[in-house]
Amino acid sequence: MHVRGWWSSAWPARRSRALDIAIAVTLAAGDGCFLWFVEQDFWLPPPVVSVCSVILGLATVVRRIYPVGLMLFLLVFGTITGAGAFAALVIVYSLAAYTTSRRTVVALALAGYVSSLAFPGPTSSNESFPAQAIFGVAFVAVPILLGLYMGARKQLVVSLQERASRLEREQHLLAERARGEERTRIAREMHDVVANRISVMVVHAGALKAIAARDPGRAAETAGVIGDMGRQALEELRHVIGVLRQGEEALPQEAVTLAHVRELVGQSGAAGLRVDLSIRGDERPMPAAVGRTVYRLVQEALTNVHKHAGAADTRVGLDLLPEAIEVEIANDPPTARPEHRLPSGGNGLVGLRERVTALGGSFEAGPRRGGYAVRARIPLPAS
């Protein structure tokens, strides 16, 4: 590794680098001066001990990266040369603060304590053995305990930061998922409002063009139906846009009733589709979500008949059961291709399945006896 890369990886923060350099220079100068003038009875002369202390002080610049190696250097070099006073305290502290293995910390601390008793340094060579023992305990235990505390505190801070980062990432993913679901819901609503209404209006416009000359009265009636459907489409579109601006609960929404379903079937019949509606069971108000889903089921299925089957005979059946509402829309095989060319997005049935499934119901759609059938069962919430 080149020098610049090693330097950057050794100290992740610029402030830590500056602090370690300042500490190393201070320790080198302080221990060098202190051991030059201290009274000592050691085998090396004071100038040599002082120079060795400068070397040991400068070596503390790597105390964060190599705390174990620096402690071994102190045990060997410091014991032989008598170097280090304040630097030894910093090295022992760094051993406890930056070493992950507690066994290594304890073993090296005991080794340092024993070596200080077996080979007294220049500052303690004239003291009695009991004094050396007591001073050695304080000299080793205090920085070790302080280093262990600071190391544990640092690990706690790091773990809290990692947890905060993880929670932030999870919140970001949840927000992305919510935005995706919201986009899907908006696309489904826009499909229901625009595609279905406009498709039936196109069918009505085709019928108006065909009968305008020979049957002016029916043409006027068809034009009125187109106008009514356009107003309904604008009203539903206004509601969707209002929800986007103000929220789901901001605007009141009219509850869907069976009268709305009959009106929807009547609009398709006015457009030339032979459609029969049968309702079995006791008519009663439907929950808002269930009513909207039933309405969208009939609307989407009839729109698909207009698109793909033309004037094929179609049956719409509603079974109003005590615990659920069953819906079936089935058409016979088409007798001729539709005259109009309405585009198909291919997402209508997917949206219906999502609506029904969200309410805990079942949905199926597929060919049937040459035609096509859409079936759904929507459970009613418990009263």
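Contact here means heavy atoms within 4.5 Å.

## Overall picture

Residues 24 or more positions apart account for 71% of the chain's contacts with a separation of 6 or more. The model is predicted: local features need pLDDT of at least 70, side-chain atom pairs count only at pLDDT 80 or more, and totals for chains, interfaces and linings use all residues. Residues are numbered from 1 along each chain as its sequence is written, and side-chain values use heavy atoms, with hydrogens and water left out.

The chain has eleven helices and five strands. Both are DSSP runs, numbered from the N terminus: helices are H or I, at least four residues, and strands are E, at least two.

## Surface and burial

The accessible surface of the chain is about 21900 Å² (Shrake-Rupley method, 1.4 Å probe). Carbon and sulfur atoms hold 62% of that surface. Of the 383 residues, 38% are buried. Buried means under 20% relative accessible area, with a 1.4 Å probe and protein chains only.

## Helix α11

Helix α11 spans residues 348–358. Its buried residues are G348, G351, L352, R355 and V356. They line one face of the helix, because they fall within an arc of 130 degrees seen down the axis of α11. That arc is taken over the directions from the helix axis to the C-beta atoms. Just after α11, G360 has a positive phi of about 80 degrees.

## T293 in helix α10

T293 sits in helix α10, residues 288–308. T293 is buried, at 5% relative accessible area. Beyond its neighbours within four places in sequence, T293 contacts R355, V356, L359 and I378. R355 and V356 are among the buried residues of α11.

Definitions and conventions. Buried means under 20% relative accessible area, exposed over 50%, partly exposed in between (1.4 Å probe, protein chains only).
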